[in-house]
Amino acid sequence: MRWWDIDAVLSLEKDLFPEDAWSRGMFWSELAHSRGPEATRRYVVAEEGERLVGYAGLASAGDLGDIQTIAVARDYWGTGLGGRLLTELLQAASAFECAEVMLECRVDNVRAQKLYERFGFEAIGFRRGYYQPGNVDALVMRLTTKPDGGSAAGSTSVQGTEING
């Protein structure tokens, strides 16, 4: 993801997460930490032709990675794009030498929970009222990476969709 992707990212963000969408400033802040030798973030976008159809981001701190966001355009649900974005983030976690990857997922987002479970994430707790203003609980999930530095995830692909970091 680059600064010129932010408008398209915001459009998708507002469509998918209308109550708790990230702001322009939040994305700018994350991107500020994604470049150079001291980078602690990895953000990618998925494009179909000129259209942005997904994006995802990871933050790292020490040996811990945190999935910040994954979003896929509604007409791409069920195509494997979410898995491909997650694979990119887990590869970044490996490059950052993360021993664990954490994430929060809305308790009512069963589709996302199933995706994370397929990649080896396990539920470890809840955060009550995490998503505001809707006061929706978050399911906290964790993936412990393999000793070789790889993740438990396999690779998926979506024909014609390009992932750009």
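**Strand E4 and its surroundings**

User: Which residue in E4 is the bridge partner of Asp66?
Analyst: Keep in mind that we're looking at a predicted model. Strand E3 covers residues 64-72, and E3 and E4 pair over three bridges. In E4, the partner bridged to Asp66 is Met102.

User: How many bridges join E4 to strand E6?
Analyst: E6 takes in residues 136-144, and E4 and E6 run antiparallel. One of the pairs to look at is Glu104 with its bridge partner in E6, Val140. The number of bridges joining E4 to E6 is seven.

User: Why is E4 largely enclosed by the rest of the structure?
Analyst: Buried here means under 20% relative accessible area. E4 spans residues 100-106, seven residues, and it counts as largely enclosed because the number of them that are buried is five.

User: Is Ser60 buried or exposed?
Analyst: Ser60 sits in strand E2, residues 51-61. Leaving out neighbours within four places in sequence, its contacts are Thr40, Arg41, Gly65, Phe96 and Cys98. The cut-off for buried is under 20%. Ser60 has a relative accessibility of 10%, so it counts as buried.

User: Which element gives the largest share of the largest nonpolar core?
Analyst: That core has 43 residues, and Tyr55, Leu86, Tyr116 and Phe121 have the most contacts inside it. As a rule, nonpolar side chains in soluble globular proteins tend to be buried together. Here the largest share of the core is seven residues, and they come from H3.

User: What share of the chain's residues count as buried?
Analyst: The chain has four helices and seven strands, following the pattern α-α-β-β-β-α-β-α-β-β-β along the sequence. Its accessible surface is about 8,700 Å², with 48% belonging to carbon and sulfur atoms. Of the 165 residues, the share counted as buried is 44%.

Definitions and conventions. Residues numbered from 1 in each chain as written. Predicted model: local features only at pLDDT ≥ 70, side-chain atom pairs only at ≥ 80, totals over all residues. Heavy atoms only, no water. Buried < 20%, exposed > 50% of the residue type's maximum accessible area, 1.4 Å probe, protein only. Helix = DSSP H or I, 4+ residues; strand = E, 2+ residues; numbered from the N terminus. Pairing = 2+ DSSP bridges. Core = buried A, V, L, I, M, F, W, Y, C linked by side-chain atoms within 4.5 Å. Areas by Shrake-Rupley, 256 points an atom, 1.4 Å probe, with all protein chains shown as cover. Contact = heavy atoms within 4.5 Å.
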